[in-house]
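Biologist: I've just opened this one. Walk me through it, starting wherever you like.

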Amino acid sequence: MTTKILVVDDDRATRQWLCSVLDAEGYVCHAARNPKEAEDVLHHTEVQLALVDIYLGDANGVEFLQRIRGIQPDCDCVMMTAHASVETMAQSVKDGAIEYLGKPLHIDDLLGLVRRLEKRRQSRPHGQAVAGDPEPEGFAGTAIIGRSPKMLEVYRSIARVAPTDATVLIVGPSGSGKERVARAIHAHSKRARMPMTAINCGALAESVLESELFGHEKGAFTGADRPRRGLFESSNGGTIFLDEISETTPGFQVKLLRVLQERQIRRLGSNTYLPVDVRILAATNADIGERIRAKQFREDLYYRLSVMTIHLPALEERQEDIPLLVRHFLSGFNERNARRVTLNEEATGLLMRMSWPGNVRELENLIERAAILSTTGEISAEDVERASGAGALSSAKAEETATTLKGVERQQIVRALREAQGNRSLTARKLGIERKTLYKKARRLEIDLDAPEK
Ligand SMILES: Nc1ncnc2c1ncn2[C@@H]1O[C@H](COP(=O)(O)OP(=O)(O)OP(=O)(O)O)[C@@H](O)[C@H]1O
Ligand SMILES: [Mg+2]
């Protein structure tokens with residue numbers, strides 16, 4: 001009998017990594033994001049082993065172990081944790097967590113432990129399997145949907161570049177699928193069995209970003225009371241995805257350039273260089289050319305990063321993919337909610353005519369909303385309009401209002417900037433949009449962020 005393994009972790013990358021490793025070894029893997037999903041699996045499927053993250057968001061992994069034992073007393077449990085403190089360890093052993101796995105996870109430790117437990121159970125009697133297993137999560141959530149010529153070009157690039165160790169710059173507007181492409185490159189590379197770590201450079205201050213990536217020695221700065229490995233060290237053998245690379249400071253860019261050139265890093269506060277074997281993928285939705293001209297981005301780094309560049313088209317440039325994407329999102333929704341919602345032709349037509357500043361992400365959200373709101377089980381154009389909330393029908397049909405709409409948008413942004421005294425993060429927050437969206441809008445509406453009232 002194939003050993004079935006339940007993976008419970010709120011981190012998608014960890015789940016996928018574990019499942020792909022276990023899958024490749026011939027185990028059947030069921031992934032759950034939280035205790036609730038895990039319990040659903042446990043009620044339908046007999047599993048022999050559960051790998052449980054000790055910090056499941058708000059829930060507590062240790063408490064959750066007791067519930068697993070309540071449902072399937074025969075299941076072996078393994079705790080996974082990044083903070084193997086003695087207390088939690090003792091507690092989990094008492095609660096019946098018989099094994100322990102430290103994070104970052106290593107393939108050999110993982111497989112060694114799984115095989116050992118398997119052997120041990122084979123010398124024990126076990127129960128009967130229950131029919132009706134739900135589908136394992138697998139890689140369904142990472143498929144890249146689209147058959148337009150522009151997407152075919154993207155697939156060709158992924159296929160060409162994935163097996164190499166080349167640095168790749170992924171460029172495309174917000175929500176167009178840059179992270180998805182990065183994951184596909186990693187998944188098709190020889191590093192696929194190691195994790196890919198994504199870090200959003202735009203969201204972190206320079207010093208935080210540097211200490212996250214490079215690590216630090218004890219006393220490197222106030223508060224650095226113990227040495228710490230950075231992501232470059234802990235991701236050795238794997239991939240690092242640097243999102244929003246355009247938002248980094250020139251100081252950070254110099255350091256990154258050094259990593260790319262020398263394949264070495266230095267922890268903050270240390271004089272020693274350490275070799276690292278990490279593949280770097282980077283993404284941006286900004287116009288890097290413009291940043292280079294404005295001296296905000298180093299040209300030499302740009303050339304290093306863009307050894308290979310993949311351009312993701314905006315959704316509007318590949319309208320023919322919209323019906324496919326809609327079908328994909330609807331079937332995901334239906335599966336998760338055990339429903340059979342469909343979308344009629346008129347609604348599809350409308351979706352293809354609408355404008356999509358938030359690209360695929362916006363489409364995904366809208367479909368989800370429309371599906372929830374639909375009472376008949378068939379999404380109509382009116383449902384789409386209601387779900388978009390912004391009068392999609394009128395803006396798609398009546399082009400002539402666009403100029404005034406643009407004017408209104410411009411006014412609002414300028415006002416918010418004034419109120420926030422030019423602070424961009426605050427402005428974005430006031431407007432309820434992301435900072436990068438603010439940049440994009442400003443560019444489109446020709447607002448000079450430094451002198452908005454001009
Ligand atoms: N081709 C695609 N097929 C299916 N889903 C997609 C596709 N492209 C994007 N998505 C979905 O749209 C959402 C946004 O994708 P992703 O996070 O990769 O975009 P992004 O370009 O990194 O966005 P941002 O610039 O905001 O960081 C995700 O939920 C992703 O799953
Ligand atoms: Mg992204």
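Modeller: Let's start with Ala338, which lies in the loop between helix H13 (322–337) and strand E17 (342–343). Helices (H or I, at least four residues) and strands (E, at least two) are DSSP runs, numbered from the N terminus. This is a predicted model, so local features need pLDDT of at least 70 and side-chain atom pairs count only at pLDDT 80 or more, while totals for chains, interfaces and linings use all residues. Residues are numbered from 1 along each chain as written, chains are lettered from A and ligands numbered from 1 in written order, and side-chain values use heavy atoms, leaving out hydrogens and water.

Biologist: Which way does phi go at Arg263, positive or negative?

Modeller: Arg263 has a positive phi of about 55°, though it is not a glycine. You'll find Arg263 in the loop between helix H10 (250–262) and E13. Arg263 is partly exposed, at 32% relative accessibility.

Biologist: Changing topic: how many salt bridges does a search of the whole structure find?

Modeller: The search turns up 25. Each one is a side-chain nitrogen of Lys or Arg within 4 Å of a carboxyl oxygen of Asp or Glu.

Biologist: Give me one inside a helix.

Modeller: Take Lys36 and Asp40, whose closest N and O atoms are 3.3 Å apart. Both sit in helix H2 (residues 35–44), 4 residues apart, about one turn of the helix. Lys36 is exposed at 58% relative accessibility, and Asp40 is partly exposed at 36%.

Biologist: How far apart are N and O in the salt bridge of Arg386 and Asp383?

Modeller: They meet at 2.8 Å. Arg386 and Asp383 are both in helix H16 (residues 381–388), 3 residues apart, again about one turn of the helix. Arg386 is exposed, with a relative accessible area of 51%, while Asp383 is buried at 8%.

Biologist: Now one that reaches across the chain.

Modeller: Glu217 and Arg267 form a salt bridge, with the closest N and O atoms 3.7 Å apart. That pair links distant parts of the chain, 50 residues apart: Glu217 is in the loop between strand E10 (215–216) and strand E11 (228–229), and Arg267 is in the loop between strand E13 (264–265) and strand E14 (274–275). Glu217 is partly exposed at 26% relative accessible area, whereas Arg267 counts as buried at 15%.

Biologist: Which residues are linked in a network of salt bridges?

Modeller: That network takes in Asp165, Lys190, Arg191 and Asp277.

Biologist: On to the ligand. Which residues come nearest to ligand 1?

Modeller: Of the 19 residues around ligand 1, Gly175, Lys178, Arg180, Arg361 and Glu364 come nearest. A residue is counted as near if one of its heavy atoms lies within 4 Å.

Biologist: What caps the N-terminal end of helix H19?

Modeller: Asn423 does, with a side-chain oxygen 3.0 Å from the backbone nitrogen of Ser425; H19 covers residues 424–431. Just after H19, Gly432 has a positive phi of about 70°.

Biologist: Last stop, Ser211. Which helix is Ser211 in?

Modeller: Ser211 is in helix H8 (residues 206–214). Ser211 counts as buried, at 9% relative accessibility.

Methods. Buried < 20%, exposed > 50% of the residue type's maximum accessible area, 1.4 Å probe, protein only. Polar contact = N/O pair within 3.5 Å; in protein donor to acceptor, adjacent residues only side chain to side chain.
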